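Hello,

Here is the structure I promised to pass on. My notes follow below it.

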Amino acid sequence: MGSGEKTGRRNAKVGIVKSDGMDKTVVVSVERRVPHPLYRRIVTRTSSFMAHDEQNACGVGDRVAIVETRPTSKHKRWRVSRIITKAS
């Protein structure tokens with residue numbers, strides 16, 4: 001490991017933009033399906049991530065890909081890598 005070398009891939013997720021009211025920041029809602037610990041039925045869990053959107057290009061309802069990055073602010077540790085589909 002030399003200076004500045006990184007190994008592995010950055011963590012990436014796909015979700016839907018829930019809020020775009022802030023400047024250069026969007027809130028992305030990511031769903032994952034997991035088995036219930038006791039009943040073993042598949043349940044949907046939702047997590048929200050604040051992501052950096054440099055061009056303010058995302059709108060509510062857009063499907064976006066986000067990648068993990070160094071902390072940008074107190075709550076932002078993700079950045080929008082691309083917009084998959086725009087909301088109609």
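**Notes on the model**

F49 is buried, and so is W78; buried means under 20% relative accessible area, exposed over 50%, and partly exposed in between (1.4 Å probe, protein chains only).

First, the ground rules. This is a predicted model, in which local features need pLDDT of at least 70 and side-chain atom pairs count only at pLDDT 80 or more, while totals for chains, interfaces and linings use all residues. Numbering starts from 1 along each chain as its sequence is written, and side-chain values use heavy atoms, with hydrogens and water left out.

**The aromatic pair**

How many aromatic pairs does a search of the whole structure find? The search finds one. The ring centres of F49 and W78 are 5.0 Å apart and their planes stand at 55 degrees, so the pair is tilted. For the cut-offs: rings of Phe, Tyr and Trp (its six-membered ring) pair if their centres lie within 6.5 Å; planes under 30 degrees apart count as stacked, over 60 as edge-to-face and the rest as tilted. F49 sits in strand β3 (residues 42–52) and W78 in strand β5 (residues 78–85), so the pair ties together parts that are 29 residues apart in sequence.

**The chain as a whole**

The protein chain has five strands and zero helices. Strands (E, at least two residues) and helices (H or I, at least four) are DSSP runs, numbered from the N terminus. Along the sequence the pattern reads β-β-β-β-β. The radius of gyration is 15 Å, well over the 12 Å that the globule rule gives for 88 residues, so the chain is more spread out than a compact globule. That radius is taken over C-alpha atoms, and the globule rule is 2.2 Å times the number of residues to the power 0.38. The C-alpha atoms fill a box of roughly 45 × 40 × 25 Å, taken along the principal axes.

Of the 88 residues, 25% count as buried. Take the contacts (heavy atoms within 4.5 Å) with a separation of 6 or more: residues 24 or more positions apart account for 49% of them. The chain exposes about 6,600 Å², and carbon and sulfur atoms supply 48% of that. Those areas come from the Shrake-Rupley method with a 1.4 Å probe.

V14 lies in strand β1 (residues 12–22). V14 is partly exposed, at a relative accessible area of 39%. Leaving aside neighbours within four places in sequence, V14 is in contact with V30, R63, V64, A65 and I84. V14 and V43 are 29 residues apart in sequence, and 18 Å apart in space, C-alpha to C-alpha.

S29 is found in strand β2. S29 counts as buried, at 16% relative accessibility. With neighbours within four places again left out, S29 is in contact with G15, I16, K18, T46 and S47.

**Backbone points to check by eye**

Most residues other than glycine have a negative phi. K24 has a positive phi of about 60 degrees although it is not a glycine. K24 is placed in the loop between β1 and β2 (25–35). K24 is partly exposed, with a relative accessible area of 30%.

R40 also has a positive phi of about 60 degrees and is not a glycine. R40 lies in the loop between β2 and β3. Is R40 buried or exposed? R40 counts as exposed, at 61% relative accessibility.

Best wishes
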